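Thanks for coming, everyone. I'll keep this short. Please look at the screen.

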Amino acid sequence: MSIDSRQVAAGLLEAVPFARTLGIEFVEVAPEAAGGVRAVVRLPDVPEHHNHVGGPHAGAMFTLGETASGAVVLAAFGQVLDRAVPLAVTATIRYQKVALGPVLATARLGRTPAEVVAELDAGQRPEFPVEVEIGTEDGTVTSGLTVIWTLRPNR
């Protein structure tokens, strides 16, 4: 699988203006073993993002993680976007500790793209998880996010 990370980043930032508003940066969008996909995005440390304890606001952290998950979805399923719309179904975030400084979110697809596309080809509306680890640039994990996505077939 070949992934054009610049195209994924541009497409996502065009489709989701709020990610642009927060200044989210795309570090990497790359294939992994067994057809998987990984995306890493970065939230810069600016005072406008801070909450009452000096770390990034919970909403900014959520948006960072959801943006990373969306990048994975676009990279993994870009070839079917002419016949299906990706939609987030549910999301659960776990805040573990205050993040200080710039924050990275690393997202990974929870199922192989082939499995998901096979369900879509069979006329189903597949659902699949994207797991996101959020942490500081030194590798300290501060939050986790699970987003369940679907590919809604165009009818």
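I'll go through a helix pair, then a strand residue, then a surface patch.

One note before we start: this is a predicted model.

Helices to begin with. Find helix 1, residues 5–15. Now find helix 3, residues 58–77. How do these two helices cross? Their axes come within 10 Å, and the crossing angle is roughly 120°. Angles of 65 to 115 degrees would count as roughly perpendicular, and over 145 as roughly antiparallel. So helix 1 and helix 3 are oblique to each other. The crossing of helix 1 past helix 3 is right-handed.

Which residues meet there? From helix 1, we have V8, G11 and L12. Across from them, helix 3 brings T67, G70, A71, L74 and A75.

Next, the strand residue. V27 sits in strand 1, which covers residues 25–31. What does V27 touch, leaving aside residues up to four places away in sequence? The list is V40, V41, R42 and L104. Take R42 from that list. V27 and R42 are 15 residues apart along the chain, yet 6.7 Å separates their C-alpha atoms. Strand 2 spans 37–43.

Last stop, the surface. V53, V98 and L100 form a nonpolar patch there, about 280 Å² in area. Where is V53? Look in the loop that runs between strand 2 and helix 3. That takes us back to helix 3, the partner of helix 1 in the crossing.

That's my tour. Over to you.

Note on methods
Residues are numbered from 1 along each chain as its sequence is written. This is a predicted model: local features need pLDDT of at least 70, side-chain atom pairs count only at pLDDT 80 or more; totals for chains, interfaces and linings use all residues. Side-chain values use heavy atoms; hydrogens and water are left out. Patches are made of residues with over 30% relative accessible area and no salt bridge: like charges are joined within 9 Å, nonpolar side chains (Val, Leu, Ile, Met, Phe, Trp, Tyr) within 5 Å. Accessible areas come from the Shrake-Rupley method with a 1.4 Å probe; for residues, only the protein chains shown count as cover. A salt bridge is a side-chain nitrogen of Lys or Arg within 4 Å of a carboxyl oxygen of Asp or Glu. Helices (H or I, at least four residues) and strands (E, at least two) are DSSP runs, numbered from the N terminus. Axes are lines fitted to C-alpha atoms, for helices over the stretch in contact, and angles run from 0 to 180 degrees between N-to-C directions. Angles under 35 degrees count as roughly parallel, over 145 as roughly antiparallel, 65 to 115 as roughly perpendicular and the rest as oblique. A crossing is left-handed if the near helix is turned anticlockwise from the far one by less than a right angle, and right-handed if clockwise. Contact means heavy atoms within 4.5 Å.
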